[in-house]
Amino acid sequence: MFFSPLLVLKISGHSMEPTIKNGDRVLVNRLAYLLDSPKIEDIVATKMDKKIFIKRITSVKQERYFIAGDNPNDSFDSRKFGMIGKDRVIGKVISTL
């Protein structure tokens, strides 16, 4: 089986607007955090309950990440489920397509 370090995802929802809009495609670098850790302001792909979410890291505490959508009125994020560990981070969003 072939492993691709890049992943293209289509956005479904409004949680990252106005930065990333519903229907946009994003390019995720799955190797971005192999030797580094996610940082505040990074936009990341995370996996929760078999779904992938695109969110921004807004704070870091003891290698746990608070992730939030740029549209706080329409975002399922750490305000609802708490901080996440690095093991849930799939990669860093590096571009919209």
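1. Aspartate 36 is partly exposed, with a relative accessible area of 40%; here buried means under 20% relative accessible area, exposed over 50%, and partly exposed in between (1.4 Å probe, protein chains only). Lysine 39, its salt-bridge partner, is also partly exposed, at 42%. The closest N and O atoms of this pair are 2.9 Å apart. A salt bridge is a side-chain nitrogen of Lys or Arg within 4 Å of a carboxyl oxygen of Asp or Glu.

2. The model is predicted: local features need pLDDT of at least 70, side-chain atom pairs count only at pLDDT 80 or more, and totals for chains, interfaces and linings use all residues. Residues are numbered from 1 along each chain as its sequence is written, and side-chain values use heavy atoms, with hydrogens and water left out.

3. The whole structure contains five salt bridges. One of them joins arginine 56 to aspartate 70, with 2.8 Å between the closest N and O atoms. Arginine 56 lies in strand E4 (residues 51-61) and aspartate 70 in the loop between strand E5 (64-68) and helix H1 (78-81), so the pair ties together parts 14 residues apart in sequence. Helices (H or I, at least four residues) and strands (E, at least two) are DSSP runs, numbered from the N terminus. Arginine 56 is buried at 15%, and aspartate 70 is partly exposed at 24%. A network of salt bridges links Glu41, Arg56 and Asp70.

4. Aspartate 77 and arginine 79 also form a salt bridge, at 2.7 Å from N to O. Aspartate 77 is buried at 0% relative accessibility, whereas arginine 79 is partly exposed at 44%.
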